[in-house]
Amino acid sequence: MTIAADPALAAGARSERRFFLALSLPALVIVGLAAILPILWIIRQSFLTTGGEYTVGNYEKVLSSGLTWSALITTVELSLGTLAFCILLGTPLALALASVRPRVANLLMAFVMLPLWTSILVRTYGWLVLLRRDGLINAALTGSGLTAEPLPLVYNFTGTLIGMVHYMLPLFLLPVYAAMRDIDANLVRASASMGATLGQVIRTVILPLSAGGIFSGSMIVFIYTIGFFITPAVLGGGKVNPLSIRIERTLSTFQDWGSASVLGILLLVLMALVGAMFLVARRLVARNKVGAAHA
Amino acid sequence: MSRLLRISLAAIAVSAAVPVYAQSVTITTAGGDYGNAMKEAMWAPAAKELGYDVREETQSDGLAALKMQVTAGAVTTDIIHLGSPEGAQAAAQSLLEPLDYKIIDPNSVPAGAKSDYCYPFDSYGTVMSWSTKTYGENPPKTWAEFWDVAKFPGRRALRANAQDLIEIALLSDGVAPADVYPTLSTPEGLARAIKRLEAIKPNVSVWWTSGAQSAQLLKDGEADLVVTWNGRAQTVKADGGSVDYTFKGSVIGTDCLGVPKGAPNKEAAMKLIAAMTQPARVAKLTDFIAYGPVNPAGYEGGLIPQDRLKTLATAPENVGTSVFSNADWWVKNGEAAQKAFDEMMGR
């Protein structure tokens with residue numbers, strides 16, 4: 001407000017903005033070349049026949065195919081499933097990490113981060129070794145007599161979900177942990193001193209104050225998992241076919257670049273929709289919080 | 001005099017420098033054991049003979065890579081290794097140069113396998129393999145028995161692709177090998193094959209997507225009955241896996257070598273294809289991997305040891321009950337067949 005009142009300061013602010021814009025220009029150029037241009041190319045491709053003429057036939061073909069919609073449903077099921085398990089497993093873990101001494105937290109954090117630094121391919125095949133019929137888990141289960149028959153843990157939806165949750169958990173954890181660590185410990189003490197039980201503290205103090213982190217984490221998980229390919233391809237046993245696998249098949253079996261581009265755009269639209277939903281939801285939550293604080 | 005000496009020295013230097021720039025050729029293979037086998041048996045000795053400098057690139061999906069290079073106008077490879085169905089598809093999309101039959105001998109390939117664009121050099125069978133742990137001395141012997149889950153209970157693994165499977169489905173339904181393609185060419189025939197696959201679907205525990213995966217499934221005992229390529233089954237068997245397989249009712253496919261449209265070294269590529277597919281070299285390939293020569297001359301003169309013949313799809317005694325995969329049929333009907341297959345998978 002005071003800046004607007006003083007013309008000299010306003011000019012300074014403007015030139016500062018220009019300076020920062022100039023600083024970010026190289027990054028913008030790279031994003032433009034590496035992200036925007038290919039997307040434009042894909043959009044153009046989606047309107048071309050294999051012969052190179054313009055058509056809307058690709059859209060008709062893809063959108064009228066039941067395979068597209070079942071792939072879309074599988075994609076959303078996988079993403080929602082992964083998100084649900086990340087929230088269930090990640091939130092308590094973040095809470096535990098945020099409440100132990102910093103040195104212990106750092107050590108535990110290293111364990112969380114270790115898998116993040118391992119190649120996704122290695123981790124996926126690692127799960128194959130653990131989960132398959134004569135794998136470690138089934139050998140332990142049947143060996144100890146807990147189950148008579150090996151459980152179908154892999155080459156299906158379950159196996160795919162396990163692999164995806166394992167991959168996404170650290171990425172979910174980071175923003176949630178950051179948000180929880182920043183909660184003023186005095187707030188927790190204050191609520192406890194006024195007789196709040198542990199459950200009440202978590203519900204009324206910690207969760208609302210870390211909601212931003214949980215939202216960020218959820219958005220990362222959802223948007224990442226929408227495009228997952230390797231995990232369903234390796235752990236799904238041909239039975240779990242999200243959009244990414246549909247795209248690969250359209251390309252490698254049919255060489256149908258037009259339809260594959262349409263599927264890619266569908267994926268992009270799905271991501272944009274989900275991203276927009278998260279942003280709106282976050283704004284609503286923030287407003288409620290402010291409202292609650294004022295009340 | 002000294003000037004003449006200098007000129008002649010320069011001339012000698014230039015002429016000596018020229019052979020250093022050997023003709024270079026880039027070949028794209030599938031890599032892995034197969035790629036190495038092709039290198040050791042086929043193109044490395046041929047390159048040495050021709051004095052070529054050959055560079056290898058690997059691509060698990062040759063056709064997609066080929067299409068990318070040709071449509072982008074940035075062709076870097078001179079020879080590409082494809083499955084014959086992909087070769088026929090590539091030819092139909094004019095992604096390949098016609099083979100130069102002045103350089104390559106057109107009579108080295110049996111009439112049924114001939115192609116104007118992609119030279120077939122080796123063969124494999126899509127075969128039935130089984131765990132000897134599960135079935136011992138009494139495995140299923142025909143595709144009809146493979147489908148008989150009451151008599152042969154066990155977990156099946158099939159490829160997540162219509163190719164070869166729809167032929168096998170018809171064989172399992174009592175169609176004679178010679179009638180497979182005439183039957184498939186009718187809409188009812190394709191529907192019949194798909195229905196047959198749908199019947200076995202509840203007993204399929206894995207739909208595999210790569211040959212390596214099918215070998216792993218056999219090795220780990222993840223599946224008891226696996227439809228796979230004979231080379232993969234043979235490798236697992238040779239490594240001591242409790243696995244066996246049969247060529248009875250196999251669908252025989254060929255792999256081929258083509259020259260991408262606009263390849264930088266077209267003529268050298270044709271010469272290298274001719275040299276690397278000489279009978280002795282395609283016979284030598286079977287030292288490394290059980291893919292038998294398409295050129296019948298490969299089986300002559302004892303180039304391949306007698307005991308290996310039973311591991312090769314095209315060996316004279318193996319061909320009887322098999323169906324030769326028809327690349328032209330697949331180019332024409334492949335998309336419809338695959339779509340019907342994918343819809344069956346989604347049901």
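In H13(A), the buried residues are Leu243(A), Ser244(A), Ile245(A), Arg246(A), Ile247(A), Arg249(A), Thr250(A) and Leu251(A). Buried here means 20 or more other C-beta atoms, placed from the backbone, within 10 Å of the residue's own. Helices (H or I, at least four residues) and strands (E, at least two) are DSSP runs, numbered from the N terminus.

This is a predicted model: local features need pLDDT of at least 70, side-chain atom pairs count only at pLDDT 80 or more, and totals for chains, interfaces and linings use all residues. Residues are numbered from 1 along each chain as its sequence is written, while chains are lettered from A in the order in which they are written.

**Exercise 1.** Work out why H13(A) is largely enclosed.

*Solution.* Take the helix, residues 243–252 of chain A. Eight of its ten residues are buried, so the rest of the structure largely encloses it.

**Exercise 2.** Find which residues join H10(B) to H11(B).

*Solution.* Start with H10(B): Gly211(B), Ser214(B), Ala215(B), Leu218(B) and Lys219(B) make the contact. From H11(B) come Arg232(B), Ala233(B), Thr235(B) and Val236(B). Contact means C-beta atoms, placed from the backbone, within 7 Å.

**Exercise 3.** Describe the side of chain B that touches chain A.

*Solution.* First, count: chain B brings 20 residues to the contact and chain A 16. Next, sort by element: helix H3 (62–71), strand E7 (204–208) and helix H14 (327–346) of chain B each give two or more. H14(B) gives the most, with five residues.

Technical notes: Contact = placed C-beta atoms within 7 Å. Buried ≥ 20, exposed ≤ 12 C-beta atoms within 10 Å, placed from the backbone.
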